[in-house]
Amino acid sequence: MIGSRKRFIFMLGILAATVLGCSKDPEFNHPNSESVSTGTPISRPANQETRRVLIVMSCGFNSLSFDLKEDIDDMMKAKLPGLNRDDDVLLIYGQHVSSTYDNPSNPVLIQAYSKEGKAVRDTLKVWNDVTVSTSSDNAKEVLTYVRNHFPAKEYHLLFSSHATGWLPAGYYTFDTSGNSYTENSAMSMPLDYWSEGPFTHEERRLAPGEPRTKTLGETRIGTKGNYQVYEMDLRKFAKSIPMHLSSILFDCCLMGCVEVAYELKDVCDRIVFSPAEVLSDGFNYKVLFEHLFDSSTNVQSVAEDYFEQYRNRTGVNQSATITMVDCRHMNELAAVCKDIFEAHRDKIRMLKGSGIQQFHRYDFNCFYDLRDIIVKAGASAEELARLDSALEKCVPYKAATPAFMYGYNGFKINTYCGLSSYLPAEGDGRTKAAYGPLAWNTVTEFVK
């Protein structure tokens, strides 16, 4: 069984989503776990010069609930930190869901650790059942709580949910009358409308065989047939992070964009993400915490392990792209690209997606290989040498299988620089309006 995250499950070639039954308890129940609702953290770091914290934001009050619960269960079965004064900390934020969304669900923050060989989950804080867990305000509240109660040397954030890179929230939805958005009707609305919703509709726009994907996260509030869908805007997400992060790991589709990396470069040191979609297994949660927090912080090992689990598969299951970006070198890449964009502006403006390496399927036609765009625009050998030098610093690790979902409306991967990019000629009114204010575009003037 395969699927594309976040997240699509193929069964006999048909895309279907699976959801999880609801529990009345706020904790993420596990048959081998204890649960103590304390209301406050039971352990404050004694030495913030050594303590490291991993925050898992499992934002799946949507069609991904079953997959996200499996991820958390895998983490609980694996090696967990202890609760001694010098132990690292694992915090998980998320909520339950029912198959019909008829039962309200309380988002909770838990601390997961090992006690006498048994996995324990302690509830630290419970939010009310109308909380929009994928709003920037809520993200800020959760992360501020963690910062205030768990001072540490390093913070790492793993975000797992639906995603479509930098695309504006609501890009793939019905309008309030149940009609598909057109370019004209979308452009008649103020740009702020596309920032975080809500969008009143029963289901997202879903043509036969089209993946179920959202911008950054998705939360449903209400009952089936009468619920609202909330999504988070990339720029607001960046502004919601109250502390500097050592890394952000996105277990989401299509986040491996140069636009995403540049938007987040000032709030984190490294990002691990995929330019293409992500199969339903996502990261290897059974060893993720152990890899990330071995004797030294090793973010790249998480990316390497992700790739290896798909590289060793066969057929359509051998589908993966993964990149680790060092955000501290993004400004150099931007400076190089700005010069190239200016020198080849007319050609770039006319470039069509055909013949350029893509990382999308169906009509998500905004994700093309950054270097291949520049090559096809006619960059000189000197310009490509400068570009490659900048990319080498920005992208210390990248890997891709020979193809992605090939035979299932997929594509071969002939070239891979590690970062995707927008292609102006393939956009529409909504993408152009949303792209202009992005930090990457402001600095490089890719689209004037």
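In strand β19, Y397 is the bridge partner of M324, and this link belongs to an antiparallel pairing of β17 with β19 (residues 397–400) over 4 bridges. Two strands count as paired if DSSP finds at least two bridges between them; strands themselves are DSSP runs (E, at least two residues), as helices are (H or I, at least four), numbered from the N terminus. Please keep in mind that this is a predicted model, where local features need pLDDT of at least 70, side-chain atom pairs count only at pLDDT 80 or more, and totals for chains, interfaces and linings use all residues. Residues are numbered from 1 along each chain as its sequence is written, and side-chain values use heavy atoms, with hydrogens and water left out.

Let's stay with β17. This strand also pairs with β15 (residues 268–273), again antiparallel and over 4 bridges, and here T323 of β17 is the bridge partner of F273.

Next, the cysteines. The structure holds 0 disulfides, a disulfide being a pair of cysteine sulfur atoms within 2.5 Å. C268 is buried at 1% relative accessible area, and its sulfur has its closest cysteine sulfur in C327, 3.8 Å away, so the two are too far apart for a bond. C394 is buried at 0%; C327 again holds the closest cysteine sulfur, but at 8.2 Å that is too far for a bond.

Now to the nonpolar cores, which are sets of buried Ala, Val, Leu, Ile, Met, Phe, Trp, Tyr and Cys residues joined through side-chain atoms within 4.5 Å. In the largest, with 83 residues, W166, F250, L264, L333 and W440 touch the most other members. Helix α9 (residues 330–343) gives the most to this core, with 7 residues. A second, separate core of 42 residues includes V56, V278, Y397 and M405.

Finally, a word on confidence. The chain averages a pLDDT of 79, and 74% of the residues score at least 70, on the predictor's per-residue confidence scale from 0 to 100. Over residues 1–40, pLDDT stays under 50, and over residues 174–214 pLDDT likewise stays under 50. Where pLDDT is low, the predicted coordinates should not be read in detail.

How values were computed. Buried means under 20% relative accessible area, exposed over 50%, partly exposed in between (1.4 Å probe, protein chains only). Contact means heavy atoms within 4.5 Å.
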